[in-house]
Structures are given as C-alpha cells and as structure tokens.
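Work through the exercises below with the sequence and the model at hand. Each task is followed by a solution in steps.

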Amino acid sequence: MDNSLAVVYLSILVFILTIAAVSVFRQIFKTRKIEGSFAKLRKKLEKEKGTTQEYYELGSIYSEKKLYSQAIALFQKALKAAEEEGEEDIAPIYNGLGYIYFTQEQYDLAIRQYKEALKSKPDYVTGLNNLGHAYEKKKLTTQALQSYEEALKFDPNNSIAKRRAESLRRLVSA
C-alpha cells in the first residue's frame with residue numbers, strides 16, 4: 001500500500017517536472033528565435049537601407065525589449081519607407097507607435113497614432129480596441145465606448161470590445 005502511494009506521488013512529480021521542462025525549452029527556443037532575428041535585422045539595417053517590413057519588425061522587437069526610443073525611430077523609418085515604397089498597409093506601424101506612447105502613459109500621442117492607423121484602415125479592429133483603451137485611460141468614457149462599439153461592428157465576436165463596451169455601458173447608464 002505504501003509503495004503504491006509513493007509511485008503515485010513520484011508519477012505526479014515526474015509529470016509536473018516534464019511540463020515545466022517543456023515550458024522552459026519552448027521559452028528558450030522562442031527567445032533564441034527573437035534574438036536571432038534581432039541580430040540579423042540590426043546588422044542588415046546598420047549596413048544598408050531596409051524595407052518597411054524590416055524596420056517594422058525590428059521596431060517591434062525593440063518595443064518588446066522596452067527600448068522605446070529606438071523602437072519609435074524604427075517605426076518612423078518604417079513609415080518613411082512605406083511612403084517611398086507606396087505601401088498602403090501602414091495601420092500596424094501607427095498602431096505600434098501608439099502602443100509605445102501608451103505604455104509610456106503619453107495617452108494623447110497614443111490616441112493620435114491610433115487615429116492615424118484608423119485613417120489608413122478604418123476597419124482595423126486592433127486599432128479601435130487600442131483607441132478605446134487609451135480613451136479609457138484619459139477618462140473619456142463616451143469616446144471609449146464609441147471605439148469599442150465601432151470595433152464590434154467590424155468584428156461582432158471581439159471579446160475585448162464586448163467586455164469593455166459592456167462595462168462602459170454600465171458606467172454611462174449609472
């Protein structure tokens with residue numbers, strides 16, 4: 001009886017350790033992949049002019065690393081390259097800039113960038129969600145609710161917009 005109990009506990013421990021090991025290795029591989037892309041892109045862009053996508057990707061990596069001033073510069077280069085290349089899908093670039101300003105609590109600048117994203121792509125649901133969130137931080141409840149409701153027009157199953165709009169409706173009606 002005691003022997004079987006020990007086997008059960010040991011099996012549970014092995015199972016937990018296996019899950020932990022798999023999680024650690026996944027994170028290591030993900031980090032290595034990001035660092036590899038980071039090194040490759042940075043080296044390439046130091047030597048030559050890059051494409052819109054390359055500037056955007058490197059800016060996103062800098063943003064993830066919380067190196068915001070470098071990310072802003074790269075997103076601005078991405079916008080310039082997009083203009084030169086005639087690239088029309090610039091909404092994610094403006095959204096990235098907005099995100100950086102948002103994380104630095106510069107909500108007015110974030111709102112401006114999110115609005116630019118929406119000028120280039122009015123049905124950009126991510127931009128609408130982010131704009132709503134920035135409005136919420138500025139305590140502009142009505143505008144936030146409008147942004148979330150606009151997002152729901154384009155994506156009725158958007159869980160973020162549903163949850164936030166419902167919460168804001170309760171605030172507005174109270």
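**Exercise 1.** Which residues line the largest pocket?

Solution. The model is predicted, so local features need pLDDT of at least 70 and side-chain atom pairs count only at pLDDT 80 or more, while totals for chains, interfaces and linings use all residues. Residues are numbered from 1 along each chain as its sequence is written, and side-chain values use heavy atoms, with hydrogens and water left out.

Step 1. A pocket is an open set of points on a 1 Å grid over the protein atoms alone, where a 1.4 Å probe fits, with protein on both sides within 12 Å along at least five of seven lines; lining residues have an atom within 4 Å of a point.

Step 2. The lining of the largest pocket consists of Tyr56, Ser60, Ser63, Glu64, Lys66, Phe75, Gly96 and Tyr99.

Step 3. By class, three of these are nonpolar, three polar and two charged; Tyr and Phe count as nonpolar, Glu and Lys as charged, and Gly as polar.

Step 4. The volume of the largest pocket is about 160 Å³, taken as the space filled by probe spheres set on the points.

**Exercise 2.** Find which helix gives the most to this lining.

Solution. Helices are DSSP runs (H or I, at least four residues), numbered from the N terminus. H2 (52–64) and H4 (91–103) each supply at least two lining residues. H2 gives the most, with four residues.

**Exercise 3.** Determine how H2 and H4 are oriented to each other, then do likewise for H5 and H6.

Solution. Axes are lines fitted to C-alpha atoms over the stretch in contact, and angles run from 0 to 180 degrees between N-to-C directions.

Step 1. The axes of H2 and H4 come within 11 Å and cross at roughly 20°. H2 and H4 are therefore roughly parallel (under 35 degrees).

Step 2. For H5 (residues 107–120) and H6 (residues 125–137), the axes come within 9 Å and cross at roughly 155°. H5 and H6 are therefore roughly antiparallel (over 145 degrees).

**Exercise 4.** Describe the chain over residues 6–25 and 52–85.

Solution. UniProt, in an unreviewed entry, places a "transmembrane region" at residues 6–25; such annotations may be inferred rather than shown by experiment. Residues 6–25 are 100% helix, with end C-alpha atoms 28 Å apart. Residues 52–85 are 91% helix and 0% strand, with end C-alpha atoms 8 Å apart.

Technical notes:
Parallel < 35°, antiparallel > 145°, perpendicular 65-115°, else oblique.
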